[in-house]
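Hello,

Here is the structure for you to look at. My notes on it come below the display.

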Amino acid sequence: TMQARYSQRVTVECSVMFAGESGVGEGRIVNLSLPGCLLESSEKISSGEYVQLRLFLPDRLAPLQVSLAAVRWVDGSRVGLEFIRTSQVEQRRLERFVRERLSPVAASVLTKEIVVIGTMES
């Protein structure tokens, strides 16, 4: 289901640069899903603000651009972001990145494959 796909989060450690109404800052991504990410930053960010993101994913050199993200909540240095707009190319790259890092069981929810775990002990 769409809901299952949306709830899949993968743990990731990567730096991010963001630009918004309160200026430009940097931080690190703690986890990532298709609709958004969890950011940790010492910079001042306000809930309801809109930002542009550049995620320095460990997959390749070019940073992944998110042209528009909304700050959904702020809790100290932790910030919940929802991706509003990305290019189709970046969206596909994000989907691939998340899918490759899911556990086989979680990935099977996405791809509707049946995963056999281990074998029966005789």
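Predicted model: local features only at pLDDT ≥ 70, side-chain atom pairs only at ≥ 80, totals over all residues.

Residues are numbered from 1 along each chain as its sequence is written, and side-chain values use heavy atoms, with hydrogens and water left out.

The whole chain

The protein chain has three helices and six strands, in the order α-β-β-β-β-β-β-α-α along the sequence. Helices (H or I, at least four residues) and strands (E, at least two) are DSSP runs, numbered from the N terminus. Of its 122 residues, 39% count as buried (under 20% relative accessible area, 1.4 Å probe, protein chains only). The accessible surface is about 7,600 Å², by the Shrake-Rupley method with a 1.4 Å probe; carbon and sulfur atoms hold 52% of that surface.

Strand β4

In a regular strand the side chains alternate between the two faces of the sheet. Strand β4 covers residues 50-55.

β4 pairs (at least two DSSP bridges between two strands) with β1 and with β5. Strand β1 (residues 10-20) runs antiparallel to β4, with five bridges, and Phe18 stands opposite Leu53. Strand β5 (residues 64-75) is also antiparallel to β4 over five bridges; there Ala69 stands opposite Val51.

Regards

Note on methods: Buried < 20%, exposed > 50% of the residue type's maximum accessible area, 1.4 Å probe, protein only.
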